[in-house]
Amino acid sequence: MAAETVSSLIRSITTRLSSVGIEDSGIDTRLLVRHAFGWSAEQQLGRLTDPAPAEQLELLETLVSRRAGREPLQYITGSTEFYRRRFAVDPRVLIPRPETEQLVVQAIEFMRERGIETPRVADICTGSGAVAISLALEMPAAEVVATDISAGALYVARQNAGSLGAEVGFFEGDLLDPLLDDRGRIDVIVSNPPYILRGAMPGLQAEVAREPSLALDGGDDGLDVIRPLFVGILETLKPTNSAAYIEIDPPIQDTVMQLALATFPHAGISLLTDLSGLTRCVAIEQP
């Protein structure tokens, strides 16, 4: 990259990223520049007319090339924001989305409304640990445990918990299997399991396709993981005054609802929408 002002550099990179179909290319460019140059947003704004620092241009070019290759921005910068906190992410974990914050909101609301003062909470398919860690930090009196089948994901989750000062017990294993000693003892279960229809996987956005397929592919009907997850919930959730909140995708909402009604005949079952009005969560609440 030729020496130029920061402002002109931002314009040229924005054009480059936009040309390969990246939405919000201007935002991505500014974030990449800050990351490469070690600047805050304020520092970047104050140096727009300055020459771009030559010693960091090679690093910036590497980052921009990765983004132009449709690698997720969060993997490039190594972090993302979730529930007002920054979490480390890398290709071993799914990138937490804003809509997944609904699991945290619903769980906290349920526990406070029901007056559960020292709840035992489980996050299944924890990935980066964002949901479990958020719950542990928002509700310090809660005992939070989390599971994942991926050892790599759990390594990232433990690092995040340590960095943010959260007390979470992490267990490697399939769904609720590591928690079977807790039969009938868990107050709230949350999970963002794989739920994308296998037939839809080839059509995923290029960035999403770079995330772990283990965390995305829900099988032919999207329920390959949700079915055994529901069985595990039935075994470990307290029979009364308890709840489970499971993130889902609109295309599978009807089949998930049918499965939930059949599996939990005495619970209140409802579908919750996100801020866009799309079905994003199935709520299972025991009276």
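Start by selecting Ile124 and Ser191: in strand β6, Ser191 is the bridge partner of Ile124. Keep in mind that you are looking at a predicted model. Now widen the selection to residues 188-191, which make up β6; this strand pairs with β3 in the parallel sense, over four bridges.

Next, colour β3 itself, residues 120-124. How many of its residues are buried? Five of five, so the strand is mostly covered, going by the cut-off of under 20% relative accessible area for buried. Show the side chains and look at which way they point. Arg120, Ala122 and Ile124 go one way from β3, while Val121 and Asp123 go the other way. Both sets are buried, Arg120 and Asp123 included.

Stay on β3 and pick Ala122. Its bridge partner in β4 is Val145. Select residues 143-148 to see the whole of β4, which runs parallel to β3 and pairs with it over five bridges. To follow the chain from β3 to β4, trace it through helix α7, residues 130-138; this β-α-β crossover is right-handed.

Time for some rings. First up, select Phe82 and Phe87: an edge-to-face pair, with 6.2 Å centre to centre and 80° between the planes.

Zoom out and you'll see that the pair links distant parts of the chain: Phe110 belongs to helix α6 (residues 101-113) and Tyr245 to strand β7 (residues 242-247), 135 residues apart. Phe110 is buried at 3% relative accessibility, and Tyr245 is buried at 0%.

Go to the loop between β1 (79-82) and β2 (85-88) and click on Arg84. Arg84 isn't a glycine, yet it has a positive phi of about 70°. What is its relative accessible area? The value is 59%, so Arg84 counts as exposed.

Then jump to the loop between α1 (6-19) and α2 (25-37), where you'll find Asp24. Here is another non-glycine residue with a positive phi, this time about 55°. Asp24 is exposed as well, at 52% relative accessibility.

Key
Residues are numbered from 1 along each chain as its sequence is written. Side-chain values use heavy atoms; hydrogens and water are left out. Rings of Phe, Tyr and Trp (its six-membered ring) pair if their centres lie within 6.5 Å; planes under 30 degrees apart count as stacked, over 60 as edge-to-face and the rest as tilted. Helices (H or I, at least four residues) and strands (E, at least two) are DSSP runs, numbered from the N terminus. Buried means under 20% relative accessible area, exposed over 50%, partly exposed in between (1.4 Å probe, protein chains only). Two strands pair if DSSP finds at least two bridges between them. A crossover is right-handed if, with the strands pointing away from the viewer, the path from the first strand over the helix to the second runs clockwise.
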